[in-house]
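Subject: Structure handover

Hi,

Here is the structure I said I'd pass on to you. Have it open while you read, and I'll walk you through what turned up.

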Amino acid sequence: MSPDAEREHANFERFARGEPIAVEVGEIERELGALWKRASSAGDTHAGAAVSRAALWNLVIPARGAGALAKTKALVDEIAQGVPVRAITLCLDDPSDVGAGAGGDGLVATIESNVVSQPGGARVVYSEEITLRGPVAAETHFGALVRALQIPGVPTAALWTDATMPSALLTHELLPVTDRLIVDTGSCVRPPHLFDLQRLAAHAHPLPVADLGWLRLGSLRLLFAGLFDPPVGGAPLHRATRLTVRHRPGGDLSALLLVAWLGQMLGWRPLRSAQTSDGGLRFDFARGDGAAGGIEAFLLPSDGACDATGVLAIELADRGRDEYIVCRTAIDQASVQLPIAPAKAVKLDASSDAELCVAALGPRGRDPLFAKCLAYAGGLWALEPQTTGSRR
Amino acid sequence: MKTLSEESLLLPNPLREGLVEERIPEPAAMVIFGASGDLTRRKLLPALYSLTRDRLLPARFAVLGFGRQVLSDEAFREEMRHGCEEFARRRPVDPALWAAFARNVFYQQGAYDDPAAFRRLKVRLEEIEHTLGLPGNRVFYLSTPPSTFAPVIRSLGHANLAPKPAPGQPFSRVIIEKPFGIDLQTARALNTEVHDILDEQQIYRIDHYLGKETVQNLLVFRFANGIFEPLWNNHFVDHVQITGAETVGVEARGGYFEQAGSMRDMVQNHLLQVLSLAAMEPPVAFEADAVRDEKLKVLKALRFIPVSDFEQQVVRAQYAAGSIGGKTVPGYLSEPDVSPRSTTETFVALKLFIDSWRWAGVPFYLRSGKRMPKRVTEIAIQFKEAPHLLFGKRGETIRPNVLSIRIQPDEGIALNFGSKLPGPAMEIAPVSMEFRYGSSFGVEPPEAYERLLLDCLLGDGTLFTRADEVEASWSWVSRIHQRWAEQVAAGRTTLDSYPAGSWGPDAADRMLAADGRAWRLP
Ligand SMILES: NC(=O)c1ccc[n+]([C@@H]2O[C@H](COP(=O)([O-])OP(=O)(O)OC[C@H]3O[C@@H](n4cnc5c(N)ncnc54)[C@H](OP(=O)(O)O)[C@@H]3O)[C@@H](O)[C@H]2O)c1
C-alpha cells in the first residue's frame, strides 16, 4: 500500500469508528465526500448494513474553551442518536486552556461520523460532525465557514447556550442563515441574563426560538395543567387567589417562567413585586377579567431533591382554600394533590440535554407560547420592587 | 375528599391551550374486552406502556381488562408486564415507570353477554374512576373474536356504560377490531346493531394498517409536495400495483382462516384501505370526515368485475408444500383445522378499475398471499414511458419510472429512474433514489397501535374506518365471493395452486402478461 493509500485507509477506519480526523479547513467537504464514498462501498465490513448518510438539520453550536468543547461533542454524539444532524461546532480557544493557541493563529478542523446502531449492532445511519477551533480572532471566519458548510435544502438551527460567546457572532453571522434558534434559560445563572435572551429572541423574530429550559419544564407544566382537566375543570384557575412556586436557590428563573406561564394563560395583569422576609419574591396581579380580588404569587427558595429545572413544587389555592399541588418527592417522582382525589405518585421523567435538543428540533421547538412567556417574565422582573434592597 | 360542583364541570381547562403540540388526551379509563388474549398482550398493553414512556398519556389513566378467565389484578399485571418486556417498542421496561403504570391496571372477570357481569363492571369502573379522580371518559376496546362484538355492545348498552355524546359530558368510545362482518349483509347487520346503541362518532373500527407511518405519509407525500400530485392521474400513470405478502401460513388460526381467506383477511380491509388512500382526491381538510368522504368515493367508484371478465381479472390460489426461509413447509390443505377439500384462497390477485375522471383506464393490480418468499406490503405507481424514446436504440435498458411506497417492513419510499452510465457511450441504467424512515430520521416509527389508541383517546377518527366505507368495500368484495360460490355450486371451481415460497400461481403472471405488463419484485 502506498503511504497515501495507507493514510486514507487509516482515516477511513477512524471515521467508521466515529473518531475525529484532522483535515484542512478548505478540504472539509472533499474529505467527507471521499470518506462517505468509501463507507458506502465498504458496506460488508459493517455486518452487511447499508450505510446511510443522513441529516435533517444543520446544527451550529458555538462554544468557548476546551471544557465547553468536550461537553458539546458529548452532546452532539447523543443528539445524533435521536435525530441525524450535520453538527458544526465553532470553538474559540479560551486563553486559560492548557495548550490554547497550539493551532497558531489559524483554524483547525476535524471531521467525524456519528453512528446509530440498530438493536443487534448493525449500523444504520451515519451523520457527521465538523469541529472548527481557533483563537478568538478566528471568530471573523466563522460566518463564512458556516455558510460554506451548510447542507443545502436542510434547515439550520443555532444552539446558543454559551453566554460567554460574543453575541455579534449570533446576531450578525448566524441568525441570517438560521431557521431556528435554540437557547437555554436554564443556563442563565442570574436573572438579568433573561433580558439578554429576551433581546436575542426579539432580534431573532420571526425565527422560532426554542428554549431547553422551557422544554425542561414541560413535564411539570403538563402535570400541573392536567390537574384542571375534567372532572375538576378550569374553575379553580379562574378563582385562584394564591400561587406558590417553590424552587431551589438558583432555580428562580424557572420559577419565574412558570409564574409567567400561568399569568399569560390566565390573563393576570402584573401590579407590583416585593421581596419577602424569607428571601423569596412576591408578585401581585389583578385578574384579567377585571373581577374583584387579586392574586398573589410567591417564588420561595426551598430545599429538596430536584432536577435541572430547580423547581420543587407548584401550589395553587383558590377562593375556597382548595389546593391544587404538584410537588416533587424525589428527583424523578412527584405527588399530585387535588381536593377530589387522594394524592397520587407519578413518575417525572427528566430528559437529558440531548433529548431536549432533539425535542427543540421537532415541533415542540416551535412553541409560540415560549416567546410570550419570556416577554411576560421579563415584564415581571422589570417591576419596581416595593421594599428596599434591590434584587438585581 | 370533596365532591364536584356542577359549575366546575362546565369550564374548560385554559392551561391546555398552548399544549396542543403535545396531543395529550384527557384523563380516561380504557376497558379491554378479551384481555386474556393474544392481541392485548402483544400489542395493546405494550402500546399503552410505550405511550406512557413517551409521556403521551395523561397522568390519570387506568386500564381495566375484562374476560371470562378468572385472573387477579396482580396476575393480569404480571402477564402484561411479560408482554411489554417482550413486545413494547420502548424496551427494556423501566421498573419505576412500570410500577406507576401497573398500579392503575386492573382486571375484572365476567361473560360477554351476562348483564350481571356488566353491572359489576360498571360498579368497578366507577370505583376506579372515583379513586383515581377520573372524569368518566371511557374507551372500550373489543379485542375479542368477532362473534362477541354485537353481544358486548348490547351489554354495554343495557348497562348504560356507553351513553351517547352530550356537550360537557365525559366521552365513551368503542374500538372494534377486525373483521367487521364477513360480507355485506353481516357488516350491515352489525352496523345496525352497533348504531342501536352508539353514535357513529363513538365508533372506532380499527384497521391497524392505517396506523402505520408510511400509510399516513402517503397523504403527506401526495398532498404536501407540489411535484407528485400533478402526475397522479391517468395522463402519467400507466398502472398501480399493490402487494400484501406474508411469509407465514395460517399458523394456529386454520379454523379462522378457513372462514376468511385472503380476500376477507387482507383485501377487504387493509389493501382496499391502502388503495383508497392512494387513489383518493385531495380532501378539503385533514379531518376525519373530510378524509373519509374522499376514501369512500374511491370505494364507491370501484367497478364491479363483470362475469364475462371474471377469469381475466380475478385469480385465486392455495399454497402447496414448498420452502420458506430454508425450511420445508406443508401445503394449506395439510394445515391443522383446514378441510382437505377446502376451497379457501390463500392468495388472490385482482385487476380492478376506478371509474373516476382521474383514474379512467388505469388498472390497479392487487395481490395478497400467504407463504410468499418475503413479508412485504407496498404500493408501486408505475408511470408511463417517455412519449418519445430519444434513446430508443438502447431501449432494452430503459425501464419505466416506478414510485414504490413500502408500508412494511423498512417503511420508506423509492423512485426508480434511468440514468446515464458513466463512459463515452449513451448507455442507460436504472437507479433508485430511496428514503427510509429508519435511516433518514434515525428512529423507528411508533407502532401502529400506539398511534391509533392515542387518536381514539383524542377523539380523532381520521385513521379509523367509517360505517359507509366498510359497507362500500364489502359491497365490492361480496360480489366476488358470490361469483366464487356460484362457481363452486356449478362444480367449476377455479382454484390455482402455488408452491410455498413463490410469488403466486402462473395465472397471476398471465393476468398481467395479457396486458403487456409484469408484477414487480417487491
Ligand atoms: N392477534 C392479532 O395480531 C390480531 C390482528 C388483527 C386483528 N385481531 C383481532 O383482534 C381480536 C382479538 O385478537 P386475539 O388474537 O387477541 O384473539 P384471541 O386471543 O383469540 O381472543 C381474545 C380473547 O377473547 C376471549 N373470547 C371471547 N369469546 C371467545 C371465543 N368464542 N373464543 C375464543 N376466545 C374468546 C378470550 O378471553 P376469555 O376466554 O378470557 O374471555 C380470548 O382470550 C380478534 O377480533 C382478532 O380478529 C387480532
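This is a predicted model: local features need pLDDT of at least 70, side-chain atom pairs count only at pLDDT 80 or more; totals for chains, interfaces and linings use all residues.

Let's start with a salt bridge (a side-chain nitrogen of Lys or Arg within 4 Å of a carboxyl oxygen of Asp or Glu). A:Glu173 makes one with A:Arg147, and their closest N and O atoms are 3.5 Å apart. This pair ties together distant parts of the chain: A:Glu173 sits in helix H5 (residues 167–174) of chain A and A:Arg147 in helix H4 (residues 139–149) of chain A, 26 residues apart. Helices (H or I, at least four residues) and strands (E, at least two) are DSSP runs, numbered from the N terminus. Over all chains, the structure holds 53 salt bridges.

Residues are numbered from 1 along each chain as its sequence is written, chains are lettered from A and ligands numbered from 1 in the order in which they are written, and side-chain values use heavy atoms, with hydrogens and water left out.

Now for the place where the chains meet. How many residues of chain A are in contact with chain B? The count is 50 residues of chain A, against 42 residues of chain B, with contact meaning heavy atoms within 4.5 Å. The area buried between the two chains is about 3,800 Å², and carbon and sulfur atoms give 60% of that. (Buried area is the accessible area, with a 1.4 Å probe, that two parts lose on being put together, summed over both.) Between chain A and chain B there are 0 salt bridges, but the rule finds 4 residue pairs in polar contact across the interface, both residues at pLDDT 80 or more. A polar contact is a pair of N or O atoms within 3.5 Å; within protein, one must be able to donate a hydrogen and the other to accept it, and residues adjacent in sequence count only if both atoms are side-chain atoms.

On the chain A side, helix H3 (65–82), helix H8 (218–226), helix H9 (235–238), helix H10 (252–266) and strand S17 (341–347) each supply at least two residues that touch chain B. H8(A) gives the most, with 7 residues.

Next, the ligand. It has 19 residues around it, and the closest are B:Ser36, B:Leu39, B:Arg68, B:Tyr112 and B:Thr144; being near here means having a heavy atom within 4 Å. Several backbone atoms point you to its oxygens: a backbone N or O atom of B:Gly37 lies 3.2 Å from a ligand oxygen, a polar backbone atom of B:Arg68 is 2.9 Å from one, and a polar backbone atom of B:Thr144 is 2.7 Å from one.

Chain B also has some strands to look at. Strand S14 (residues 402–408) runs antiparallel to strand S15 (residues 412–420), joined by 5 bridges; two strands pair if DSSP finds at least two bridges between them. S14(B) and S15(B) form a hairpin with 3 residues between them, and B:Asp410 in the turn has a positive phi of about 50°. S15(B) is also joined, by 9 bridges, to the antiparallel strand S16 (residues 428–436) of chain B, where B:Val431 stands opposite B:Phe417.

The peptide bond from A:His205 to A:Pro206 is cis, with omega near 10°, and A:Pro206 lies in the loop between helix H6 (192–204) and strand S9 (209–211) of chain A. The bond from B:Lys178 to B:Pro179 is cis too, with omega near 0°.

Cheers
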